[in-house]
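Student: Hi! Could you walk me through this structure with me asking quick questions as we go?
Tutor: Happy to, ask away.

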2 protein chains.
Amino acid sequence: MSEAENGAPVTAAILVIGDEILSGRTKDKNIGYIAEYLTAIGVDLREVRVVPDEEAEIVAALNALRHRYSYVFTTGGIGPTHDDITADSVAKAFGVPIDYDPRAVALLRQRFKGSDLNEARMRMTRVPQGADLVTNKVSLAPGFWIGNVIVMAGVPTIMQAMLDEVGPKLKTGKQMLSESVRADAREGDIGSELGELARAHPDATFGSYPFFDDRTGPNTNIVIRSRDPDKLAAATGAVHDMLREVKARLKVS
Amino acid sequence: MSEAENGAPVTAAILVIGDEILSGRTKDKNIGYIAEYLTAIGVDLREVRVVPDEEAEIVAALNALRHRYSYVFTTGGIGPTHDDITADSVAKAFGVPIDYDPRAVALLRQRFKGSDLNEARMRMTRVPQGADLVTNKVSLAPGFWIGNVIVMAGVPTIMQAMLDEVGPKLKTGKQMLSESVRADAREGDIGSELGELARAHPDATFGSYPFFDDRTGPNTNIVIRSRDPDKLAAATGAVHDMLREVKARLKVS
């Protein structure tokens, strides 16, 4: 992984393609996985969209996203059936031709001999001109990388293997660092104070995650984030100070 | 639920608001739930977006979606902390004022007496002018419904209770019917044939969902969908015929 040369944040979007996600039949497991993966390597996920298997929708979303973020990761729609139209839609978005890719055909030939490599399976070898293949250790059918768009499978195990393949080649920003503090207070008791801390520490962010502790009741995790370790430490110290003050006050009242 | 009067499909989008989803810290559980819920009542979920806790992003996404679909359901960003800016952003998108809503204040007063209803908790009573409250059986803090936008909590149990509240009031389209057929064939062996069926049955859709059966290996579920029961039956019959032919052919070869 190479850090972006000018130190600018490296950003990303995910485009999930598939009627089955929108109908609720399949529950997406890729967004959370990719989000965590990108955060860990210092790429800021800024937006996610889910669109149906319709060319116009895919093209419009892809063009909106690819001009706006450093990378776009797509999942879904690269299988062997008629509703798998991602590759053709990506080619259309980039305005480049698409055809059966000899490298992809050679990959599938490793498993499918003679007429077993039928018209349906040949769909999976359609790759836009100028794209690099994204091979993976789970499935022979490849994804691909064109411009700043990385096209991956929808099946989570295959998508994850493809992400492992492209991850080391991504440019990455300065990694976001974080600290987590268990508040032992209700979110509503510390909300104003957290807002003040956010204003006082503009280089850090303060996330507030309420949860219910079965033993002690409503509680909150505070997650402090910064790219600068000193600023993170200062902001985290300020959170601990704030929590002491709030608890002292709640005890008195 | 009242069916849309002109028989036109009723459409929807989901707008998930929250840095915690984009960082991967919190895994979204609402998209799949709402998708399934809407499909069951005959509302077509057409698009999902996830955006950060930033006013400009929320306003832009909301305005893009609310003019395009019958309904927009938002989740997240209506809690008591400084990064909960959904209500104010929705007011801005609609160009209406926002203030502490006496109905919402009265709800929170049921639990929080005196200074316990502090500045942070009062944030949860901010509701855009003209909105109806969406109360729920899990939390006192309400969501709201303005125009065609329904603003709900991000915590799944609360979101689900709010959806139960608004569901019966939604206009709904003709319900999508579906049949599921286990192919006992690999997706790549039936892909071309499914494509032909899709062309021959334009009023039905044919989804193909590969899965791995631990006993028998790669397999596929085919899901046939139509709003017309007769067309669904015809399309499902055609799938069974196709599967018989494919299996006979594979046996011979």
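Student: At what angle do α8(B) and α9(B) pack, and how far apart are their axes?
Tutor: In this predicted model, α8(B) and α9(B) pack at about 145°, with their axes 11 Å apart. Axes here are lines fitted to C-alpha atoms, for helices over the stretch in contact, and angles run from 0 to 180 degrees between N-to-C directions. Helices (H or I, at least four residues) and strands (E, at least two) are DSSP runs, numbered from the N terminus.

Student: Is that crossing left-handed or right-handed?
Tutor: The crossing of α8(B) and α9(B) is right-handed. A crossing counts as right-handed if the near helix is turned clockwise from the far one by less than a right angle, and left-handed if anticlockwise.

Student: Which residues make the contact?
Tutor: From α8(B) come B:Asp189, B:Ile190, B:Glu193 and B:Leu197, and from α9(B) come B:Ala238, B:Val239, B:Met242, B:Val246 and B:Leu250. Two residues are in contact if their C-beta atoms, placed from the backbone, lie within 7 Å. By class, the residues of this contact are seven nonpolar, no polar and two charged. Ala, Val, Leu, Ile, Met, Phe, Trp, Tyr, Cys and Pro count as nonpolar, Asp, Glu, Lys and Arg as charged, and the others, Gly among them, as polar.

Student: And which strands do the helices lie across?
Tutor: Helix α8 (residues 187-200) of chain B lies across β12 and β13 of chain B, at about 170° to β12(B). Helix α9 (residues 229-252) of chain B lies across β11 and β13 of chain B, at about 155° to β13(B).

Student: What is the strand order in that sheet?
Tutor: The order is β11-β13-β12 (chain B), an open sheet of three strands with antiparallel pairing. Two strands pair if DSSP finds at least two bridges between them. The edge strands are β11 (177-182) and β12 (205-213) of chain B, and the twist averages 20° from one strand to the next. Six bridges link β11(B) to β13(B), with B:Leu177 opposite B:Ser226.

Student: Switching to chain A: which strands does β9(A) pair with?
Tutor: Strand β4 (residues 71-75) of chain A runs parallel to β9(A), joined by four bridges, and A:Thr74 has A:Val151 as its bridge partner. Strand β8 (residues 143-146) of chain A runs antiparallel to β9(A), with three bridges. β8(A) and β9(A) form a hairpin with two residues between them, and A:Gly147 in the turn has a positive phi of about 55°.

Student: Are the β9(A) side chains buried or exposed?
Tutor: A:Val149 and A:Val151 point one way, A:Ile150 and A:Met152 the other, and all are buried. Buried is 20 or more other C-beta atoms within 10 Å of a residue's own, exposed is 12 or fewer, and partly exposed is in between, with C-beta atoms placed from the backbone.

Student: How many residues are in contact between chains A and B?
Tutor: 44 residues of chain A are in contact with 44 of chain B. The chain A side has 16 nonpolar, 14 polar and 14 charged residues. β3(A) also pairs antiparallel with strand β3 (residues 43-51) of chain B over three bridges, and A:Val50 stands opposite B:Val48.

Student: Anything on numbering and confidence?
Tutor: Residues are numbered from 1 along each chain as its sequence is written, while chains are lettered from A and ligands numbered from 1 in the order in which they are written. As this is a predicted model, local features need pLDDT of at least 70 and side-chain atom pairs count only at pLDDT 80 or more, whereas totals for chains, interfaces and linings use all residues.
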